[in-house]
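Good morning, and thank you for joining this group meeting. Please look at the sequence and the structure on the screen while I speak.

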Amino acid sequence: MAVPELISLEDARELVLAHVEALEVEEVGILDMIGRVAADDLTSDIDISPFAHAAMDGFAMRAAQLEGAAPDVPVELDVIAEVPAGAWYDGAIEEGQCVRIMTGAPLPKAADAVVKYEVVDVVAGDGREGSRVAFTKPAGVGDNIRSAGEEAKAGEIIVRTGEVVHSAGVGFLAGCGVTRCKTYRRPRVAIIATGSELVDPTEVPTKGKIRNSNSYALAACAIDAGTVPTVLPIAADDFDGLRAEVVAAAAKYDFVVTSGGAANGDFDFIKKVVDYEGELLMSTVNMRPGKAQTFGIVNGTPVFGLPGNPAAAYLGFEMIVRPALRKMQGYSHFERPHVKARLVGTAKKKDPRRIFNRATLSKDDEGYLVTPANNQSSGLFGPIQKANCFVVLPEGEARTYEEGELMDCVMLDIPEEVLL
């Protein structure tokens with residue numbers, strides 16, 4: 001099959017997404033569900049809360065008892081009992097009586113309102129059982145009460161299939177008796193850096209050598225995407241060696257990501273390896289940095305060859321690989337949020353491709369501002385570390401974007417589920 005030349009970023013993303021599916025379902029404890037997707041509807045085993053209870057410390061009574069209460073005509077009641085959280089009062093509340101109650105304590109059956117402690121005057125005693133207290137305004141039925149089943153009913157679906165469980169959701173699940181959940185398995189991702197010039201970060205590079213930083217950046221990106229990466233040994237610029245590494249990784253892992261050797265040079269082999277061992281589906285994308293992006297299938301496993309330049313590799317992972325890894329985990333949103341921001345300074349576009357400049361978003365009274373990094377070299381990680389967005393220079397003719405122009409920005413520190 002002929003591989004299309006220089007496809008759009010959107011087509012590249014759709015192509016890769018079309019060749020991956022959600023992985024099999026596994027059951028995990030609720031603490032392992034943070035940030036993950038529910039693969040089944042989750043239901044509560046009881047009403048939440050199972051009983052009506054006080055929303056704050058105060059006094060419980062029937063609202064009708066305080067009818068006509070005012071600062072100059074206070075209603076005084078005797079405190080006949082005290083109900084802390086975890087206790088219960090089932091007795092009667094007669095005319096002229098009330099019950100001291102604490103936050104979370106069950107509401108006595110004879111009461112239908114709670115008045116918070118801070119607005120009640122203590123006439124005699126200390127405000128506890130045996131005291132006498134005064135109320136200076138009426139109460140409404142249901143005041144400061146959380147009803148039984150207010151948050152969930154027994155058997156009600158509390159988290160639906162496809163919903164992402166966040167930290168507060170873990171607490172919700174625990175309160176509903178859900179301690180085990182079904183979710184999609186995290187993809188195992190093989191990370192292979194190619195290049196005979198590379199040495200391990202623990203080594204001091206000798207003449208002509210550089211440290212392998214790409215593997216660790218891409219592994220970090222894979223962790224941020226929710227996957228389980230493994231950094232494999234550096235592959236030399238050799239067709240047979242790289243072929244053996246890719247085939248072995250494709251047999252063991254769910255997704256293989258390489259960096260380096262993605263172009264058409266004499267020592268660029270990932271495209272040839274994928275074409276030889278499997279099905280090559282993509283080789284170039286209309287974006288900068290990172291025109292050379294290899295994608296194909298080897299023995300049923302997606303293999304993605306990123307460029308060797310750090311910024312190009314990072315951009316390719318963020319814009320194309322990350323969405324695929326998210327789909328494999330059951331997520332339904334694949335693109336980072338975009339915002340419009342006013343340009344600070346100028347941005348020169350010299351290439352007809354879509355350009356992604358590393359930049360920083362800030363905000364003033366009129367909205368977002370975006371400041372591109374001074375150095376846009378694709379060989380640098382430093383500007384990406386300091387950036388929180390890509391500012392997009394669209395496809396088209398060369399031009400200079402002037403101060404104050406409204407630019408499209410891809411936010412890098414906001415989850416895909418956030419809609420701005």
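Thr301 counts as buried, because its relative accessibility is 7%; buried means under 20% relative accessible area, exposed over 50%, and partly exposed in between, with a 1.4 Å probe and protein chains only. This is a predicted model, in which local features need pLDDT of at least 70 and side-chain atom pairs count only at pLDDT 80 or more, while totals for chains, interfaces and linings use all residues. Residues are numbered from 1 along each chain as its sequence is written, and side-chain values use heavy atoms, with hydrogens and water left out.

Thr301 belongs to strand S21, residues 301-306. Strands (E, at least two residues) and helices (H or I, at least four) are DSSP runs, numbered from the N terminus. Which residues does Thr301 contact, leaving aside its neighbours within four places in sequence? They are Ala250, Tyr253, Asp254, Phe255, Val256 and Gly296, where contact means heavy atoms within 4.5 Å.

We turn to aromatic rings. Rings of Phe, Tyr and Trp (its six-membered ring) pair if their centres lie within 6.5 Å; planes under 30 degrees apart count as stacked, over 60 as edge-to-face and the rest as tilted. The count comes to eight aromatic pairs. In one of them, Phe239 and Phe269 have ring centres 6.4 Å apart and planes at 70°, so the pair is edge-to-face. Phe356 and Phe390 are also edge-to-face, because their planes stand at 80°, with centres 6.0 Å apart. Phe356 lies in strand S24 and Phe390 in strand S26, so this pair ties together parts that are 34 residues apart in sequence. Both Phe356 and Phe390 are buried.

Finally, the cysteines. How many disulfides does the structure hold? There are zero, a disulfide being a pair of cysteine sulfur atoms within 2.5 Å. For Cys389, the closest cysteine sulfur, in Cys409, is 4.6 Å away, too far for a bond.
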